[in-house]
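Here is a friendly walk through one protein chain, from its overall make-up down to single residues. Please keep the sequence and the model open as you read.

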Amino acid sequence: MPLGLGRRKKAPPLVENEEAEPIRGSLGGVEVGSGGSVAALQPGLPPPPASLRPRLVFHTQLAHGSPTGRIEGFTNVKELYSKIAEAFKIPPAEVMFCTLNTHKVDMDKLLGGQIGLEDFIFAHTKGQRKEVEVFKSEEALGLTITDNGAGYAFIKRIKEGSVIDRIQVINVGDMIESINGQSLIGCRHYEVAKMLKDLPKGRTFTLKLTEPRKAFDMISQRAVGGKHNSSSQLGTGRGTLRLRAKGPATVEEQLSAFEERAIEKVDDLLESYMGIRDTELAATMVELGKDKRNPDEFAEALDERLGDFAFPDEFVFDVWGAIGDAKVGRY
């Protein structure tokens, strides 16, 4: 259906206050094996066959302390966790999430779909489990939820002075295993955020949580997520390894100024319309829209690639406008 020319009033967010925000980041201390030097893909070209791709080797440690391991040969986050587990001889399900260049539970350094070639991976594994009863005295609990891309949703930020902030045993980095006995393993960030939002005010509910295992210097800390910074969550090395849900991982050049600005603007629109922040989703939308000639072509591309999201027309039109503004330097 054609989008038309006029922009309409924005739809209310699906998730207010309890934001859903998936993790994005970079990757660890890379070496290039005998397969050759790192070469970025040219835009629009298919990835080279596996036999011709460079062998990228990354360095990793367990966040609570371990020798340094070396991992390679992964194309998505689940495979990355499996390689980490193999390196340290632990079950893959023990890996909760990873941070880049710090062993601390730093929500601005989460690893996700894009990985800088000079970053170092710290894997956070499961620690103490806990069960907490929470009285929902206000509509908003003050939580921001993210997920690890492999089936675990966890707490990214806690708003100061909120319902959850007053419960000292709940911390940033805690994985949410269940709400009122309903397992959340395998759920996405936006599903968990909506469940929390839909809990009735004035009732008590039960959270089962698992906190990340901490190093000695973090035991007394109660980490609090910082402000969202989309630019800090993309790859920080000279190039970026982009992990994809479908197809092989690809080595790409750093984002252009246009791409960085467009991704930031689209991510802001995702929060405005849908109550989530998702840098990788925003990057995919920019990639789909930057070469389209009009908003109808862009809408068709979104339907083909991201049809499950069922984006409203007014949102698609605003995203098209944001990409166009960034392209001509209208920031």
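The report below starts with the whole chain and then turns to its parts.

## Ground rules

This is a predicted model, in which local features need pLDDT of at least 70 and side-chain atom pairs count only at pLDDT 80 or more, while totals for chains, interfaces and linings use all residues. Residues are numbered from 1 along each chain as its sequence is written, and side-chain values use heavy atoms, with hydrogens and water left out.

## The chain as a whole

The chain holds six helices and 14 strands. Here, helices (H or I, at least four residues) and strands (E, at least two) are DSSP runs, numbered from the N terminus. Of its 331 residues, 50% count as buried; buried means under 20% relative accessible area, exposed over 50%, and partly exposed in between, with a 1.4 Å probe and protein chains only.

The chain exposes about 15,800 Å², and carbon and sulfur atoms supply 50% of that area. Accessible areas come from the Shrake-Rupley method with a 1.4 Å probe, and for residues only the protein chains shown count as cover. Among contacts with a separation of 6 or more, residues 24 or more positions apart account for 70%. A contact means heavy atoms within 4.5 Å.

How many of the five residues of strand 8 are buried? Five of the five are, so strand 8 (residues 143-147) is largely enclosed by the rest of the structure. Both of its faces are covered: Leu-143, Ile-145 and Asp-147 are buried on one side, and Thr-144 and Thr-146 on the other.

Strand 8 runs antiparallel to strand 9, and five bridges join them. Two strands pair if DSSP finds at least two bridges between them. Within this pairing, Ile-145 stands opposite Ile-155 in strand 9. The hairpin of the two strands has five residues between them, and there Gly-149 takes a positive phi near 80 degrees.

## Two residues side by side

His-124 sits in strand 7 (residues 121-135) and is buried, with a relative accessible area of 0%. Its side chain makes a polar contact with the side chain of Thr-99 at 2.8 Å. A polar contact is a pair of N or O atoms within 3.5 Å; within protein, one must be able to donate a hydrogen and the other to accept it, and residues adjacent in sequence count only if both atoms are side-chain atoms. Leaving aside neighbours within four places in sequence, the residues in contact with His-124 include Ala-63, Glu-94, Phe-97, His-103 and Pro-212.

Val-169 lies in the loop between strand 9 (153-158) and strand 10 (175-179). Is Val-169 buried or partly exposed? With a relative accessible area of 46%, Val-169 is partly exposed. Not counting residues up to four places away in sequence, Val-169 touches Lys-130, Val-132 and Asp-174. Val-169 and Glu-211 are 42 residues apart in sequence, and their C-alpha atoms are 9.8 Å apart in space.

## Helices and salt bridges

Ten of the eleven residues of helix 4 (residues 279-289) are buried, so helix 4 is largely enclosed by the rest of the structure. Among them are Leu-281, Met-285, Val-286 and Leu-288.

A search of the whole structure finds eleven salt bridges. A salt bridge is a side-chain nitrogen of Lys or Arg within 4 Å of a carboxyl oxygen of Asp or Glu. One of them joins the side chains of Asp-198 and Lys-194 (2.8 Å, N to O). These two are separated by about one helical turn because they are four residues apart in helix 2 (residues 189-198). Asp-198 is partly exposed at 47% relative accessible area, and Lys-194 is partly exposed at 43%.

Glu-259 forms a salt bridge with Lys-290, the closest N and O atoms being 3.1 Å apart. Glu-259 lies in helix 3 (residues 257-274) and Lys-290 in the loop between helix 4 and helix 5 (295-306), so the pair ties together parts that are 31 residues apart in sequence. Glu-259 counts as buried at 19% relative accessibility, whereas Lys-290 counts as partly exposed at 23%. Also in helix 3, Glu-264 and Arg-261 lie three residues apart, about one turn of the helix. Salt bridges that share partners join Lys-130, Asp-174, Glu-211 and Lys-214 into one network.
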